[in-house]
Amino acid sequence: MSPAGEGLDAEGLDTQGAGTEPWRLEVEVPMRWGDMDAYGHINNVQIVRILEEARIAAFGPPRGPGLPGTEPPVSLFNDIPEGTLALVVEHKIRYVRTLEYRNVPAVVQLWVGAVKGASFDIHYLVQDPVTRQDCVRATSHLAFVDEATGRVLRLTPEQKERLAPFTRPHPVP
């Protein structure tokens with residue numbers, strides 16, 4: 001999946017001033033009919049799936065099963081060495097308003113927060129695709145782990161460099 005919408009350059013940056021900050025990536029994630037719950041909005045469990053799909057669209061799929069597709073705006077997870085796992089350590093999710101089902105993809109803006117020696121945060125802003133109202137604000141704390149030993153690995157200078165253009169220390173204001 002590539003960056004969402006017209007007016008985004010190859011790095012996923014907004015070139016038409018539509019409101020996306022230059023340090024944010026923007027992707028579209030389809031909402032599925034089955035994502036709705038009994039209340040008619042996207043279920044909270046499916047929101048976590050939307051965050052995962054947005055993270056993979058922006059930073060690439062981890063190595064493993066699956067066949068190659070389009071290149072992500074930022075090659076990160078798809079370029080980790082064999083035997084390295086990209087693991088979510090924690091999610092924080094704030095539901096600002098319900099995300100109602102639409103037959104058009106949700107808009108998700110992503111950027112990187114705190115980058116530490118062995119972990120980093122990805123921040124998300126999930127928006128209604130028609131109104132562009134904020135529906136969900138979230139953060140995922142991630143780390144790279146050695147598959148054989150289970151030890152957390154330090155981020156390489158190259159990984160930090162790839163994240164730098166999309167890094168802001170704070171979540172959504």
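This is a predicted model: local features need pLDDT of at least 70, side-chain atom pairs count only at pLDDT 80 or more; totals for chains, interfaces and linings use all residues.
**Helix α1**

Helix α1 spans residues 44-59. The helix has 16 residues, and the distance from its first C-alpha to its last is 23 Å, close to the 22 Å expected at 1.5 Å a residue.

The buried residues of α1 are Gln46, Ile47, Arg49, Ile50, Leu51, Ala54, Arg55, Ala57, Ala58 and Phe59. The elements that cover them include the strands β1, β2, β3, β4 and β5, together with α2 (157-163).

In soluble globular proteins, nonpolar side chains tend to be buried together. The largest nonpolar core in this model has 33 residues, and the members that touch the most others are Phe59, Leu99, Val108, Leu110 and Phe120. Two or more residues come from each of β1, α1, β3, β4 and β5. Helix α1 gives the largest share, 7 residues.

Phe120 has contacts with several parts of the chain beyond its neighbours within four places in sequence; among them are Leu76, Phe77, Val112, Ala114, Val115, Leu142, Phe144, Leu155 and Leu163. Ser140 and His141 are also in contact with Phe120.

**Aromatic pairs**

The model holds 6 aromatic pairs. One of them joins Trp23 and Trp111, whose rings lie 5.7 Å centre to centre with 80° between the planes, an edge-to-face arrangement. Trp23 is in the segment before β1 and Trp111 is in strand β3, so this pair ties together parts that are 88 residues apart in sequence. Both Trp23 and Trp111 are buried.

The rings of Phe59 and Phe77 also pair edge-to-face, because their planes stand at 75°, with the centres 6.2 Å apart. Phe59 belongs to helix α1 and Phe77 to the loop between α1 and β2, so the parts joined are 18 residues apart in sequence. Phe59 is buried, with a relative accessible area of 1%, and Phe77 is buried at 1% relative accessibility. Phe59 and Phe77 form one aromatic cluster with Phe120 and Phe144. Phe59 and Phe120 are also among the core residues that touch the most other members.

**Salt bridges**

Side chains of opposite charge can pair when their charged atoms come close. The model holds 6 salt bridges.

| Arg132 | Glu26 | 2.9 Å |

Arg132 forms its salt bridge with Glu26. Arg132 lies in the loop between β4 (119-127) and β5 (134-146), whereas Glu26 is in strand β1 (residues 25-29), so the bridge ties together parts that are 106 residues apart in sequence. Arg132 is partly exposed, with a relative accessible area of 32%, while Glu26 is buried at 8% relative accessibility. Arg132 also has a positive phi of about 60°, although it is not a glycine.

The loop between β4 and β5 also holds Asp128, which is linked to Arg102 in the loop between β2 (84-95) and β3 (106-115), 26 residues apart. Asp128 is buried, with a relative accessible area of 6%, and Arg102 is partly exposed at 27%.

Arg49 is one of the buried residues of α1.

**Asp134**

Asp134 is located in strand β5. The side chain of Asp134 makes a polar contact of 3.1 Å with the side chain of Gln127 and another of 3.3 Å with the side chain of Arg137. Leaving out residues up to four places away in sequence, Asp134 touches Val96, Arg97, Leu125, Val126 and Gln127.

Definitions and conventions: Residues are numbered from 1 along each chain as its sequence is written. Side-chain values use heavy atoms; hydrogens and water are left out. A salt bridge is a side-chain nitrogen of Lys or Arg within 4 Å of a carboxyl oxygen of Asp or Glu. Helices (H or I, at least four residues) and strands (E, at least two) are DSSP runs, numbered from the N terminus. Buried means under 20% relative accessible area, exposed over 50%, partly exposed in between (1.4 Å probe, protein chains only). A nonpolar core is a set of buried Ala, Val, Leu, Ile, Met, Phe, Trp, Tyr and Cys residues joined through side-chain atoms within 4.5 Å. Contact means heavy atoms within 4.5 Å. A polar contact is a pair of N or O atoms within 3.5 Å; within protein, one must be able to donate a hydrogen and the other to accept it, and residues adjacent in sequence count only if both atoms are side-chain atoms. The expected span of a helix is 1.5 Å times one less than its number of residues. Rings of Phe, Tyr and Trp (its six-membered ring) pair if their centres lie within 6.5 Å; planes under 30 degrees apart count as stacked, over 60 as edge-to-face and the rest as tilted.
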